[in-house]
Amino acid sequence: MPIHSTAKKLVSKAAWYAYNMYRKGISYRSQLSKTAALLSASRADILAFQNEQLEKLLRHAYLTTPYYRELFKTESIHISQIPPLEKKDIREQLEHFCSEAVPREQRIRNATGGSTGTPLTFYQDRNYWNQRNLSVYCFDRWAGWDFGESQLIIWGALSDVEGNADWKHQLNNFWRNHYWLNGFHLTDATMQTAFQQMDRCYPRTILAYPSSLYQFATYLSENGLSPKWNLKGIITSAEMLHSHYRSLAETVFRTKVYNRYGGREVGLIAMECEAGHMHINCRDLYLEIDSPDPYTIPGDILITQLNNYAMPFIRYRIGDIGRLSDEVCPCGNQLPILAELLGRSTATFRTRTGTLIHAGYFTQQFYNVLGVDQFQLIQESLKHCILKVVINTQWTGATRRYMVQKIQEVLGTDVSVTVKFEKEIPLPTSGKREFTISNLPCG
Ligand SMILES: [Zn+2]
């Protein structure tokens with residue numbers, strides 16, 4: 001590693017220390033080691049802690065929020081008796097979810113990006129953010145991140161970028177030792193510049209949108225550019241990590257990809273370990289699957305966030321589908337495992353018999369089909385799909401038959417598929433590529 005990179009790491013490490021002291025108080029180091037200890041504790045200890053936090057939260061919600069007071073009717077309610085919380089409930093009566101015990105000026109406003117539907121506004125408090133950051137620090141260490149280590153960030157949520165004045169953004173990147181490649185505007189020129197810059201700066205980890213990482217890896221691979229940065233790991237987050245994204249990135253960057261699953265409403269939900277399992281963050285939340293058997297039948301993920309006292313989220317239907325596992329992970333960590341994360345419920349298809357088919361099936365089948373540059377499959381009804389394709393000269397009638405057949409294999413042979421030829425499939429405003437869209441009503 002060049003000497004100036006080592007010097008920058010030390011400066012950045014000191015800046016992180018000062019920042020955390022300022023934000024979290026003098027005890028931040030002990031908070032961090034307590035967090036790390038709990039996340040690697042025995043299953044019994046983790047669940048006992050979670051249970052205690054859950055009881056405290058339910059009591060707080062009943063005693064201080066109009067919505068839950070009305071809903072629970074009693075202080076001694078069990079979580080299983082509480083109906084799932086829908087996004088529309090929050091939209092319709094936001095103020096009723098806010099705790100009377102947390103002064104208005106201590107609420108921190110936040111919102112989801114609205115990549116799948118209408119944006120959702122909600123509130124969090126300072127403790128939520130402190131706990132959330134402590135967890136992110138600890139989990140990101142699984143992928144090799146540490147304070148002061150340089151990181152390439154390929155990210156692009158407009159709200160994240162626009163919220164910062166340019167100089168502030170630059171300053172933040174400098175002291176955090178972050179290098180930013182805007183995932184919204186990935187062009188050959190920006191990727192070439194980033195590659196050359198990284199050859200000088202030696203990032204130790206990458207944090208990226210899976211689709212942006214894939215685009216960058218594709219560019220490097222197609223142009224015969226081989227990174228010599230000796231990465232410790234890559235963290236992906238915020239959208240589905242398709243298997244072809246992972247395999248290309250792991251080949252090009254010669255390191256492991258660690259998938260991180262989270263949401264702005266509730267923080268970090270699960271993180272992949274070195275053994276490839278997603279461990280659930282039981283310190284900060286209580287996760288359930290809305291399914292008759294969460295270990296065999298995938299269902300909607302319900303999250304109860306344990307630290308946000310400004311606005312409790314209890315059994316919140318976050319919009320993703322998953323399944324649990326009772327496996328013991330060979331990595332040694334005892335946090336429970338989220339076996340399958342099938343992605344957005346709005347990207348997951350349903351057959352007439354109720355079977356769920358997730359986006360990953362279609363991307364696996366179609367990403368390397370000759371003749372197809374881009375595709376998007378839309379489920380309009382249980383009997384009808386629209387397949388949008390951007391084709392090239394290798395497209396033939398056989399390509400069309402193959403794609404329709406693969407769709408009908410899982411959705412049913414009586415499902416009609418309309419193929420539409422497009423010049424381009426534009427990115428939605430979130431910048432996250434959507435391969436599948438379900439227009440079926442939820443439920
Ligand atoms: Zn593990």
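1. Axes are lines fitted to C-alpha atoms, for helices over the stretch in contact, and the angles between N-to-C directions run from 0 to 180 degrees. Please keep in mind throughout that this is a predicted model.

2. With that in hand, the axes of helix H2 (residues 28-39) and helix H7 (residues 126-140) come within 9 Å and cross at roughly 60°. Angles of 65 to 115 degrees would count as roughly perpendicular and those under 35 degrees as roughly parallel, and H2 is therefore oblique to H7. The crossing of H2 and H7 is right-handed.

3. The contact between these helices is formed on the H2 side by Gln31, Leu32, Thr35, Ala36 and Leu39, which meet Leu134, Ser135, Tyr137 and Cys138 of H7. By residue class, the contact of H2 with H7 comprises six nonpolar and three polar residues, with no charged ones.

4. Turning to the sheet, eleven strands form an open sheet with mixed pairing, in the order S4-S3-S5-S6-S7-S8-S9-S13-S12-S11-S10. Strand S4 (178-182) and strand S10 (285-290) stand at the edges, and because each has a single partner strand, one side of each is left without a neighbour in the sheet. From one strand to the next, the twist averages 35°.

5. Within this sheet, strand S12 (residues 316-325) pairs with strand S13 (residues 337-344) in the antiparallel sense, over six bridges. If you wish to locate this pairing in the structure, look for aspartate 320, whose bridge partner in S13 is arginine 344.

Definitions and conventions: Residues numbered from 1 in each chain as written. Predicted model: local features only at pLDDT ≥ 70, side-chain atom pairs only at ≥ 80, totals over all residues. Pairing = 2+ DSSP bridges. Helix = DSSP H or I, 4+ residues; strand = E, 2+ residues; numbered from the N terminus. Parallel < 35°, antiparallel > 145°, perpendicular 65-115°, else oblique. Left-handed = near helix turned anticlockwise from the far one by under 90°. Contact = placed C-beta atoms within 7 Å. Nonpolar A, V, L, I, M, F, W, Y, C, P; charged D, E, K, R; others polar.
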